[in-house]
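Welcome! Please take a look at the structure below, then try the exercises and compare your steps with the solutions.

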Amino acid sequence: MSAAYDLVVIGGGIAGLTAAGRAAQAGLRVAVLERGTDEAYPCNSRYSGGILHIAFHNIREPASALLEVIDAATRGKAEPKLAKAFADNAARVVDWLRDEGVEFMSVGNIAYQQWVLAPRRPLTPGLDWKGRGADVAMRLLEKNLNKRGGEVFRGGNCWTRGSGRIFYFSPGHELYPIYHNPQIQRVIYNAVNWARPQGRPAEVPLHVPVENAPEKIHARGPIMHDASGKLVSGTR
Ligand SMILES: Cc1cc2nc3c(=O)[nH]c(=O)nc-3n(C[C@H](O)[C@H](O)[C@H](O)COP(=O)(O)OP(=O)(O)OC[C@H]3O[C@@H](n4cnc5c(N)ncnc54)[C@H](O)[C@@H]3O)c2cc1C
């Protein structure tokens, strides 16, 4: 892990990986922070049909035509500069992805399906995305990013439960050097700081002695507290 980054991308879907890859190619030091924890973390991109189109038009239509398509599809509500940037650069995205080694295929004469990530995922609901379309492209984009010194960091997640705060992160086992990397340690430090008690009691039920439990339960095994809540150890 590098000491500093020029760009930190939040979210490693195909959009994040494309932005990160292009920035790394332009010489920036890039990190992608992805909340998914798996090697092939699920995301919309992986589930998608992998068809690169603009409002069901061929993404390689001339920019002026695409601008009209965007205008019609958004009923003129698209921000003009953004719409123009989109239309002007749509074909470049395909070119850039191809230069990265991403493979496309076309599906018959369907105009908007001329640039489909290969191998194609059928356009039906299902979890058959591994080894197809965007999954293949994303693995490749991550590999290329790594070659340019960029990295995808997986598995950081913050959420709250009641008044408690939970942080989940998978830096690897403490026997591995990455765990002791100063920046990983900083993430853990920041997380502990963020998750520390916020000055009001947690909204969790108080300890209920077995005798007072709303449903009859039979105690078994070790106990940690007596009926007054005092910490004890022993067995019933
Ligand atoms: C079934 C299906 C089929 C589709 N088919 C097509 C198609 O054929 N063609 C087409 O153009 N579009 C299609 N779409 C839409 C398309 O998939 C999405 O528009 C596109 O994938 C969005 O890409 P993305 O990178 O922005 O988002 P995503 O792929 O959703 O990636 C976002 C990533 O950010 C991560 N993330 C989110 N929040 C955080 C956080 N706080 N911190 C860290 N990480 C975070 C997520 O875990 C995820 O990995 C389809 C969508 C679905 C669901």
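**Exercise 1. Find the order of the strands in the open sheet of three strands, and find its edges.**

Step 1. The open sheet has three strands in the order 1-2-7, and their pairing is parallel. Strands (E, at least two residues) and helices (H or I, at least four) are DSSP runs numbered from the N terminus, and two strands pair if DSSP finds at least two bridges between them.

Step 2. From one strand to the next, the twist averages 20 degrees. Angles run from 0 to 180 degrees between N-to-C directions, with axes as lines fitted to C-alpha atoms, for helices over the stretch in contact.

Step 3. Four bridges link strand 2 and strand 7 in the parallel sense. Glu34 has Arg154 of strand 7 opposite.

Step 4. Helix 1 lies across strand 1 and strand 2, and runs at about 165 degrees to strand 2.

Before going on, a word on the model: it is predicted, so local features need pLDDT of at least 70 and side-chain atom pairs count only at pLDDT 80 or more, while totals for chains, interfaces and linings use all residues. Residues are numbered from 1 along each chain as its sequence is written.

**Exercise 2. Describe the shell around the ligand.**

Step 1. There are 21 residues around the ligand, and Gly11, Gly13, Cys43, Ser48 and Gly49 come nearest. Here, near stands for a C-beta atom, placed from the backbone, within 6 Å of the molecule.

Step 2. At least two residues of the shell come from each of helix 1 (14-25), strand 2 (30-34) and helix 2 (44-47).

Step 3. Sorting the shell gives eight nonpolar, 11 polar and two charged residues. Ala, Val, Leu, Ile, Met, Phe, Trp, Tyr, Cys and Pro count as nonpolar, Asp, Glu, Lys and Arg as charged, and the others, Gly among them, as polar.

**Exercise 3. Is Ala111 buried or exposed, and which residues does Ala111 touch?**

Step 1. Ala111 has 11 other C-beta atoms within 10 Å, so Ala111 is exposed. The cut-offs are 20 or more other C-beta atoms within 10 Å for buried, 12 or fewer for exposed, and partly exposed in between, with C-beta atoms placed from the backbone.

Step 2. Leaving aside residues up to four places away in sequence, Ala111 touches His57 and Asn58. Contact needs C-beta atoms, placed from the backbone, within 7 Å.

Step 3. Ala111 and Ile59 are 52 residues apart in sequence, yet 9.3 Å apart in space, C-alpha to C-alpha.

**Exercise 4. Look for backbone angles to note at Ala55, Phe56 and Pro119.**

Step 1. Start with a rule: most residues other than glycine have a negative phi, and most peptide bonds are trans.

Step 2. Ala55 has a positive phi, near 45 degrees, and Phe56 has a positive phi of about 60 degrees.

Step 3. Ala55 is in the loop between strand 3 (53-54) and strand 4 (57-58), and Phe56 has its place in the loop between strand 3 and strand 4. Ala55 counts as exposed because 12 C-beta neighbours lie inside 10 Å.

Step 4. Ala118 and Pro119 are joined by a cis peptide bond, with omega about -10 degrees. Pro119 is in the loop between strand 6 and helix 5 (133-147).

Conventions. Contact = placed C-beta atoms within 7 Å.
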